[in-house]
Amino acid sequence: MCGVISKAVHILDILVPQGSEKEMSVTEISRELDMPVQSAHRILSSLSKHGFVAQNNKNKKYKLGLSVMKYGFLMWDSLMLRSVSKPFMEELSQKTNETVFLATRENEEGVYIDCIDSPQILKISEPIGLRLPLFVGASNRVILAFLPQKERDKILSNVDWTSIPSLKPLTREYIEGEIKSIRERGYAMTSGEATDGTTGIGAPVFSYENTVIGSINCAGPSFRFTPQNIDKYSFYVKKYAELISKELGYRNHFRLKS
């Protein structure tokens with residue numbers, strides 16, 4: 001299996017355009033890689049099935065497919081998200097004096113990809129790379145809330161609600177009610193779900209394609225999240241999430257409520 005994967009990667013490598021679109025026949029690819037024609041044809045057929053290569057119907061030659069572009073854009077979005085978000089996260093942390101996390105979606109999970117630590121002695125500290133289901137925690141649930149309904153339904157339909165990594169019992173009915181509220185107010189807030197005694201407020205970040213690609217989340221000890229601070233923090237979290245989205249090319253913003 002590893003050998004087949006390596007051969008597939010080599011095929012993709014030689015199809016990378018050199019200044020202009022590059023097309024090669026099965027024979028040319030097999031000769032270039034010193035690979036049997038049958039093997040090259042079999043691998044190309046599999047790559048074509050999944051959109052990684054495309055065949056020209058006229059000359060029967062192969063070129064890179066749209067799936068390669070799709071994954072390239074996803075990686076670019078992730079890199080752009082971190083670099084664009086950093087200064088806004090720093091400002092948000094200064095405004096709230098709490099830890100600020102940046103999260104993105106990977107399949108059915110949310111993943112922390114960056115953070116700015118609170119300057120206070122008692123603070124929330126979670127590792128970069130922490131993964132939780134999209135319905136657990138404010139940073140993840142706000143991403144879930146702004147996905148297309150079909151995607152949300154698919155994710156929630158696959159959940160075993162008797163075995164979830166949450167400190168509080170959760171149900172699909174509860175999460176769907178939360179999603180409705182989140183979409184109305186523009187942010188999510190959770191307490192004591194991922195970590196005991198902590199509260200988080202998260203707002204969505206959107207890309208130039210008008211799709212949710214992540215979130216920023218202000219988190220700290222629950223006792224500091226008084227009603228007055230919740231109003232303040234939620235305003236700033238939404239504000240800076242919108243500024244990040246704007247920098248990424250998103251144009252259909254929520255109207256901020258003071």
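Helices (H or I, at least four residues) and strands (E, at least two) are DSSP runs, numbered from the N terminus. The model described here is predicted: local features need pLDDT of at least 70, side-chain atom pairs count only at pLDDT 80 or more, and totals for chains, interfaces and linings use all residues. Residues are numbered from 1 along each chain as its sequence is written, and side-chain values use heavy atoms, with hydrogens and water left out.

## Overall

The protein has 8 helices and 8 strands. Of its 258 residues, 44% are buried, where buried means under 20% relative accessible area, exposed over 50%, and partly exposed in between (1.4 Å probe, protein chains only). A contact is a pair with heavy atoms within 4.5 Å. Among contacts between residues at least 6 apart in sequence, 55% join residues at least 24 apart.

Two strands count as paired if DSSP finds at least two bridges between them. S3 and S4 pair in the antiparallel sense over 7 bridges, and Thr104 has Val111 in S4 as its bridge partner. S4 also pairs with S5, again in the antiparallel sense, over 3 bridges. On that side Val111 stands opposite Arg131 in S5. In S4, 7 of the 8 residues are buried, so this strand is largely enclosed by the rest of the structure.

S3 and S4 form a hairpin with 2 residues between them. Asn107, in the loop between these strands, has a positive phi of about 60° although it is not a glycine. Asn210, in the loop between S7 and S8, has a phi near 65°, also positive in a residue other than glycine. Most residues other than glycine have a negative phi.

| Residue | Relative accessible area | Class |
|---|---|---|
| Ser30 | 6% | buried |
| Ile124 | 11% | buried |
| Asn210 | 45% | partly exposed |
| Asn107 | 62% | exposed |

Ile124 lies in the loop between S4 and S5. Leaving aside neighbours within four places in sequence, Ile124 is in contact with Thr99, Phe101, Asp117, Thr198, Ala219, Gly220 and Pro221. The C-alpha atoms of Ile124 and Gly220 are separated by 5.3 Å, although the two residues are 96 apart along the chain.

Ser30 belongs to helix H2 (residues 26–32). Not counting residues up to four places away in sequence, Ser30 touches Met35, Pro36, Val37 and Ala40.

## Nonpolar cores

A nonpolar core is a set of buried Ala, Val, Leu, Ile, Met, Phe, Trp, Tyr and Cys residues joined through side-chain atoms within 4.5 Å. The largest has 26 residues, and those with the most contacts inside it are Leu81, Val205, Ile216 and Ile244. Helix H4 (66–96), strand S3 (99–106), S4, S7, S8 and helix H8 (227–247) each give two or more residues to this core. H8 supplies the largest share, 7 residues.

A second, separate core has 23 residues, including Ile143, Ile175, Ile182 and Val212.

On a 1 Å grid over the protein atoms alone, a cavity is a set of points where a 1.4 Å probe fits but cannot get out, and its lining residues have an atom within 4 Å of a point. Grid points are joined across faces, edges and corners, and a volume is the space filled by probe spheres set on the points. By this rule there are 2 cavities of 30 Å³ or more.

The largest cavity holds about 210 Å³ of space. It is lined by 25 residues, of which Tyr112, Gly137, Ala194, Thr198 and Asn217 are the closest to its centre. Elements that give two or more residues to this lining are strand S4 (109–116), strand S5 (131–133), helix H5 (138–145), strand S6 (188–191), strand S7 (198–206) and strand S8 (212–221). By class, the lining has 10 nonpolar, 12 polar and 3 charged residues. Here Ala, Val, Leu, Ile, Met, Phe, Trp, Tyr, Cys and Pro count as nonpolar, Asp, Glu, Lys and Arg as charged, and the others, Gly among them, as polar.

In H5, 8 of the 8 residues are buried, so this helix is largely enclosed by the rest of the structure. Among the buried residues of H5 are Asn140, Arg141 and Ile143.

How values were computed: On a 1 Å grid over the protein atoms alone, a cavity is a set of points where a 1.4 Å probe fits but cannot get out, and a pocket is an open set with protein on both sides within 12 Å along at least five of seven lines; lining residues have an atom within 4 Å of a point.
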